[in-house]
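Visitor: I would like to learn how to read a protein model. Can you take me through this one, feature by feature?

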Amino acid sequence: MLLFLLPIFLYGDAHIFVYHRFGDNRYKSTDTSIKELKKEFNFFKKNKYKVIKLETLINAIKNKKDINDKWVVLTIDDNFQSFWTNGFKIFKQFHYPFTIFVYVQSAEKKYPDYMSWKELKEINKYGSIQYHSYSHPHLTYKSDKEIKADFIKGLKIFQKRMGFKPKYFAYPYGEFDTRVQKIVKQFNFQAILNQNIGAISKNSNIYNLDRNALVGKTFLKRDLRYKDLKIKWIKPKVYPKNGILKEIMAKLYNKSIKNISYYLSGYGWHKTNIKNGIIDINIDKKLIHQRNRIVIKVGNKIKTKLLIKDKYGTK
Ligand SMILES: [Zn+2]
């Protein structure tokens with residue numbers, strides 16, 4: 001009986017993590033020390049987490065295959081020099097695959113703190129090199145035309161230098177909304193990654209994959225416990241015009257849930273009771289930040305909604 005039940009426990013939710021800098025203590029908020037990196041990798045090893053390629057996870061979602069609860073995907077944003085000098089050898093030592101999202105302008109203009117095309121080509125033998133925009137803009141502050149121009153330019157240079165077309169894209173600063181997402185999707189990426197806390201299930205949207213940041217103060221064990229909450233967002237869809245968030249409305253697929261926790265940037269966590277799986281909170285709060293997150297949590301199941309100011313209005 002136990003043997004029969006066993007495989008069920010193996011299937012669950014995977015986790016994608018994002019790093020930025022390695023062993024570069026000039027930038028505390030985006031750095032991972034080598035000591036910390038080794039600690040995390042040893043934790044994965046000791047607890048039988050399987051670090052897999054991003055491609056493997058995306059193919060599993062696409063093909064509606066079961067997701068293994070022990071799968072971990074490691075990504076790195078911004079092609080900082082510190083990966084080449086400090087981080088790379090640790091990844092090689094553990095034989096962990098990784099995906100780097102390249103800020104094209106930094107390599108093309110040979111910015112001193114970033115890896116060169118030559119270094120990226122060498123790294124491409126061990127990991128996957130993917131796309132992170134040309135000029136690393138705050139995309140919601142750019143017009144449709146400006147976004148398209150940035151992508152056309154960056155993708156052309158990327159392909160010329162690397163010799164292939166990138167398949168995956170990660171938003172600079174993790175910032176996007178429906179308008180930005182629509183434009184980016186026109187460039188036919190096979191998957192798009194954000195920077196919201198969450199987990200990856202076989203129901204995850206491959207054009208909006210959650211990534212947990214492992215920079216500064218990290219919560220690796222907590223993040224690994226998170227599961228993907230199956231939820232349908234109703235309100236708000238976008239950043240409210242006057243900056244006042246009136247209502248949070250969503251529908252849970254599991255109607256028996258009676259208590260939830262919710263979080264709003266600047267206002268912290270709160271608890272509330274719900275009926276018939278319908279979340280309907282009259283919140284009436286002024287959004288404090290340019291980038292806000294609403295997080296809904298039921299036990300260890302979690303889902304994030306990003307609300308971000310869009311200079312050009314959401315469509
Ligand atoms: Zn970035």
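**Reading the model**

Guide: Let's start at one residue. Leaving aside neighbours within four places in sequence, Phe80 is in contact with His20, Arg21, Asp113 and Tyr114. Keep in mind that this is a predicted model.

Visitor: Where does Phe80 lie?

Guide: Phe80 sits in the loop between strand E5 (71-77) and helix H4 (81-94).

Visitor: Is Phe80 buried or exposed?

Guide: Count the neighbours. A residue is buried if 20 or more other C-beta atoms lie within 10 Å of its own. Phe80 has 26 C-beta neighbours inside 10 Å, so Phe80 counts as buried. Phe80 and Ser106 are 26 residues apart along the chain, and their C-alpha atoms are separated by 9.1 Å.

Visitor: What should I look for in the backbone of a loop?

Guide: Look at phi. Asn79 has a positive phi, near 40°, although Asn79 is a residue other than glycine. Asn79 is found in the loop between E5 and H4. Asn79 is buried, because 25 other C-beta atoms lie within 10 Å.

Visitor: Where is Lys48 found, and what is its phi?

Guide: Lys48 is in the loop between helix H2 (34-46) and strand E4 (50-51). Lys48 is not a glycine, yet its phi is positive, about 60°. Lys48 has 7 C-beta neighbours inside 10 Å, so Lys48 counts as exposed. Another positive phi, near 55°, belongs to Lys64, which follows H3.

Visitor: Now helices. How do I find the side that faces inward?

Guide: Start with the geometry. An α-helix has 3.6 residues a turn, so residues three or four places apart point the same way. Then list the buried residues. In helix H3 (residues 54-62), Leu54, Leu57 and Ile58 are buried. These residues cover an arc of only 95° around the axis, which puts them on the same side of H3.

Visitor: What do the buried residues of H3 pack against?

Guide: They pack against E5, strand E6 (99-102), strand E7 (128-131), E8 and E9.

Visitor: Which residues of helix H8 are buried?

Guide: In H8 (residues 178-185), the buried residues are Val180, Ile183 and Val184. Their arc around the axis is only 100°, which puts them on the same side of H8. Now turn to the other side of H8: Thr178 and Lys185 are exposed there.

Visitor: What covers the buried residues of H8?

Guide: The cover includes helix H7 (144-162), strand E8 (168-170) and strand E9 (191-193).

Visitor: And strands? How do I read a sheet?

Guide: Strands of a sheet pair through backbone hydrogen bonds, either parallel or antiparallel. So write down the order, then the direction of pairing. Here is a case: three strands form an open sheet in the order E12-E13-E16, and the pairing is antiparallel. Strand E12 (231-235) and strand E16 (278-286) stand at the edges. Each has a single partner strand, so one side of each is left without a neighbour in the sheet. From one strand to the next, the twist averages 20°.

Visitor: How many bridges pair E12 with E13?

Guide: Four bridges pair E12 and strand E13 (residues 244-252), in the antiparallel sense.

Visitor: How many bridges join strand E14 to E15?

Guide: Six bridges join E14 (residues 259-264) to E15, and the two run antiparallel.

Visitor: Last, which domains does the chain have?

Guide: The domain assignment gives domain 1 (2-227) and domain 2 (231-308). Their centres, taken over C-alpha atoms, are separated by 26 Å. Look at the contacts too: twelve residues of domain 1 are in contact with 13 residues of domain 2. The side of domain 1 that touches domain 2 has two nonpolar, five polar and five charged residues.

Conventions. Residues are numbered from 1 along each chain as its sequence is written. This is a predicted model: local features need pLDDT of at least 70, side-chain atom pairs count only at pLDDT 80 or more; totals for chains, interfaces and linings use all residues. A residue is buried if 20 or more other C-beta atoms lie within 10 Å of its own, exposed if 12 or fewer, and partly exposed in between; C-beta atoms are placed from the backbone. The arc is that of the directions from the helix axis to the C-beta atoms. Two residues are in contact if their C-beta atoms, placed from the backbone, lie within 7 Å. Two strands pair if DSSP finds at least two bridges between them. Axes are lines fitted to C-alpha atoms, for helices over the stretch in contact, and angles run from 0 to 180 degrees between N-to-C directions. Domain bounds come from an automatic or database domain assignment. Ala, Val, Leu, Ile, Met, Phe, Trp, Tyr, Cys and Pro count as nonpolar, Asp, Glu, Lys and Arg as charged, and the others, Gly among them, as polar.
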